[in-house]
Amino acid sequence: MTDIGSSPLPLLFRRRSSGEMQNLAAVSSSLLPAFGTVVDDGYLNLKKYVIVPYDHRYRWWQTFLVALVLYSAWASVFELAFKRAARGGLLVIDLVVDVFFAIDIVLTFFVAYLDKTTYLFVDDHKKIALRYMTRAWFFMDLASTMPFQLIFRIFTGKWHNGEVFGFLNLLRLWRLWRVSELFKRLEKDTRFSYFWTRLIKLVCVTVFAVHSAACVYYFLAAHHKHPVNTWIGSVVEDFEHRSVWLGYTYSMYWSIVTLTTVGYGDLHAVNMGEKIFNMLYMFFNIGLTAYIIGNMTNLVVHAAVRTFAMRDAINELLRYASKNRLPEGLREQMLAHMQLKFKTAELQQEEVLQDLPKAIRSSIAQHLFRSTVEKSYLFKGVSEDLVSQLVSEMKAEYFPPKVEIILQNEIPTDFYILVSGAVDLLTYKNGTEQFLSKLGAADMAGEIGVIFNIPQPFIVRTKRLSQVIRISHHHFKQMVQPQSEDGEIIIANFMQYLKGLKEDILQEIPFLTELLAEQNQQPIQQNEEQQNRETLDSTDANPEGRTDTSGGASTIRVIIHGHRPTEGTSNDRLGKLVYLPDSLEDLFSLAEKKFGKRGSTILMADGSKVEELNALRENDHLFIV
């Protein structure tokens, strides 16, 4: 304990494997440096024979002293009331306890302290000693440790029969501050239950109050000039010469009965002094009872706060559903979602995560969801940087069974990756609900609507409790656009996934079949066009002739419709995804081939007329009329 090598503060500013501090929550905030204070290894090396306040060995020593304090608090009041016990076996125990506290006084001269102005440890022995001896703590520690009665016996050769030494022994109650400090530290330490720590503290306060009142009450009876005219003398004859423990038992019985306001009446005040003490004790009991009830109420209410919040939220939801006459099925979904929100609050802890720095939140997300994202088909083969960015922006959610995550024909704002659980892929056709597919862990939902920028073509409904992570349409495109190579990999993975879809799923998105057919024909067309360009280059000597006037195959995809923007059925509104031709005439011809009628005007969704194809962008909706 006298030399712990390096400095104390590495326990706060870097990790240690020695086990000296297993939980940072146990570190007192008073040991943290002020903002702007430079802390480096030059300040951390303390002098030899200096003890660190939170060294685990010194902490164990302090805890051992707390156990001795509990004995001192009991014995000091007990020995005042029962003088015979003070000269018996308790005297030897008192001397042994005083030796330990004397050792602690010596050790205190070697314990570094924290300078409140610089927030650095002071390890100078002279400054430590001067600080300790110039404060009241040293004199109180010394006075509470001195064995006055033994010193008197050594100098005079006889025991003193007066009450002076009994009252001097009450100085040992000064040591109770150690118990208070221990409970403060335990209440802040998350390794221990706050409820049980607080409950034990209340029990200790109550027991000490009962014990002290019992001893003082017996003291009043033992020092009355007429012992028979006392509360215990009227019941027990010659009580002064009876067993010490008999008198203590009667005293504790009276104290407990009075504290609990039972008042059987078998032990009652007889003389004036006892009646005055009874009144004071009952006034004290009022305050103690209020303190205990207030603390217990606070502990119970604190444990039920979330329950009250859940009940209030559910009652508000039920009132809203009744007021707006919502259908029973929708009401049950709302209730299930609200209950799940409170049940999974410990797992999500959004309030806690919001208070953490972004780097820590990102690290948590990487630990929890990175493997799931890497397993999803869309992001196989992409760079680690893109995966890290995606995971950092994703939000985790829980959904109860039989709840819609995505509704058919809703705006594609997010897509989802299933972490756990299972969902069904459904569609409404001819007024009935039809099952299409089942999705499990690492599967994706909603990505077709997001990538094609079309209304969501399917309903996604949970089969059981499911956890998903979602990312918004905006964030996804913002991260993928600068990564051209990753974007090509994502498109390739997406197209490969579409080719493996079931026929009944493809039928729900009309342009997918044509898109996949064109994808299969595109390599052949590109080879033919490449051969034509090579032939032209070899036969035409004019440098301008080498310019590719054919334009090649366009890489811009658009969605064409054969009606005006305000017309068309739900199926027509999905349109047909095609590659943008090189000219307006080719676009009219392609539309005639798709819709069976030739148009003469191209409109955007807002009604504006298209004059040049160069102004069009990826996934624009074109209405050819």
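Helices here are DSSP runs of at least four residues, and strands are runs of at least two. Keep that in mind for the percentages that follow. The model is predicted.

Start with confidence. The chain averages a pLDDT of 79. Of its residues, 82% score at least 70. Helix H11, residues 194-222, has the highest mean pLDDT of the elements, at 92. Helix H1, residues 10-13, has the lowest, at 35. Two stretches call for care. Over residues 1-43 the pLDDT is below 50. Beyond near neighbours in sequence, residues 1-43 still have 71 contacts in the model. Residues 538-553 also have a pLDDT below 50. That stretch has 11 contacts beyond near neighbours in sequence.

Next, the annotated segments. An unreviewed UniProt entry places the feature "transmembrane region" at residues 60-82, 89-114, 134-152, 199-220, 245-264 and 276-294. Such annotations may be inferred rather than shown by experiment. What does the model show over two of these ranges? Take residues 89-114. This range is 77% helix and 8% strand. Its end C-alpha atoms are 41 Å apart. Now take residues 134-152. Here the chain is 79% helix and 0% strand. The end C-alpha atoms of this range lie 28 Å apart.

Further along the chain, turn to a sheet. The sheet is open and has 4 strands, in the order E4-E9-E6-E7. The pairing is antiparallel. Strands of a sheet pair through backbone hydrogen bonds. Which strands form the edges? They are strand E4 (404-406) and strand E7 (432-439), and each pairs on one side only. Neighbouring strands of this sheet are turned by 35° against each other on average, direction ignored. Look inside the order at strand E6, residues 423-429, and strand E9, residues 459-462. These two pair in the antiparallel sense over 4 bridges.

H22 supplies the largest share, with 6 residues.

Methods. Residues are numbered from 1 along each chain as its sequence is written. This is a predicted model: local features need pLDDT of at least 70, side-chain atom pairs count only at pLDDT 80 or more; totals for chains, interfaces and linings use all residues. Side-chain values use heavy atoms; hydrogens and water are left out. pLDDT is the predictor's confidence in each residue, from 0 to 100. Contact means heavy atoms within 4.5 Å. Two strands pair if DSSP finds at least two bridges between them. Axes are lines fitted to C-alpha atoms, for helices over the stretch in contact, and angles run from 0 to 180 degrees between N-to-C directions.
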